[in-house]
Amino acid sequence: MQRLHALLRMCCIALAATAAAPLLHAATIDDAQALWASGKRDLAVKTAEDGLKATPDDPRLRFALGTMLLEQQQLERARVLFVGLTEDFPDLADPYNNLAVIHAARGEYEPARQSLMRALDLQPDHAQAQENLGDVLMRLAQQAYERALKQALGDDTALKLKLQRVTAFNNVKGAQAR
């Protein structure tokens, strides 16, 4: 009988610990986001990293950390997190969108376009992915016009005008991002 009571007590302790894990996790995300919002960015990243040691597979915490790293221009660390999220949770659109932002920041516009298309396949009404796709397509258009101009034969006036317009747009958009 004592053995049964001890076993029941152990089960209750294990159940309580399991029930507390999501609460701890939610507190970790909330704490990290509050620290981030208050300008304590390095501490926010550390809090998220520490939280991931306890719950390494949590997609929300991994995404939050990846977003923080992206904001801090730690692109490679953020990329690793977002790639992992796309592999572990292939039905989530946001990691693909953020992965595209990293590709675009590196001038890798075709991989960015592919990531955005995947995000939009998963969530067609994803407004940020739609906007990012527009920006990436403008960069790809600029590259296409530049290549066409190098190979142009004859009157290239219209092509130069197109290139001038898309380049001006991209330069304004790039200045706004800074």
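Biologist: How are helix 3 and helix 5 oriented relative to each other?

Modeller: Angles under 35 degrees count as roughly parallel, over 145 as roughly antiparallel, 65 to 115 as roughly perpendicular and the rest as oblique. Helix 3 (residues 59-71) and helix 5 have axes 11 Å apart and pack at an angle of about 20°, so these two helices are roughly parallel. The axes are lines fitted to C-alpha atoms over the stretch in contact, and angles run from 0 to 180 degrees between N-to-C directions. The helices themselves are DSSP runs (H or I, at least four residues), numbered from the N terminus. One caution: this is a predicted model, where local features need pLDDT of at least 70 and side-chain atom pairs count only at pLDDT 80 or more, while totals for chains, interfaces and linings use all residues. Residues are numbered from 1 along each chain as its sequence is written, and side-chain values use heavy atoms, with hydrogens and water left out.

Biologist: Which residues of helix 3 and helix 5 meet?

Modeller: Contact means heavy atoms within 4.5 Å. From helix 3 come Phe63, Thr67 and Leu70, and they meet Asp94, Pro95, Asn98, Val101 and Ile102 of helix 5. By class, that makes 5 nonpolar, 2 polar and 1 charged residues; here Ala, Val, Leu, Ile, Met, Phe, Trp, Tyr, Cys and Pro count as nonpolar, Asp, Glu, Lys and Arg as charged, and the others, Gly among them, as polar.

Biologist: Is the crossing of helix 3 and helix 5 left-handed or right-handed?

Modeller: A crossing is left-handed if the near helix is turned anticlockwise from the far one by less than a right angle, and right-handed if clockwise. Helix 3 and helix 5 cross in the left-handed sense.

Biologist: What about helix 5 and helix 7?

Modeller: Helix 5 and helix 7 (residues 127-151) cross at roughly 25°, and their axes come within 10 Å. This pair is therefore roughly parallel, with a left-handed crossing. Helix 5 contributes Asn97, Val101 and Ala104, while helix 7 brings Gln128, Ala129, Asn132 and Val136. That contact divides into 4 nonpolar, 3 polar and no charged residues.

Biologist: And how do helix 5 and helix 6 run, parallel or antiparallel?

Modeller: Helix 5 (residues 93-105) and helix 6 (residues 109-122) cross at roughly 165°, with axes that come within 8 Å, so they are roughly antiparallel. Their crossing is left-handed. The contact has 11 nonpolar, 3 polar and 1 charged residues. Among them are Tyr96, Leu99 and His103 in helix 5, and Tyr109, Leu116 and Arg118 in helix 6.
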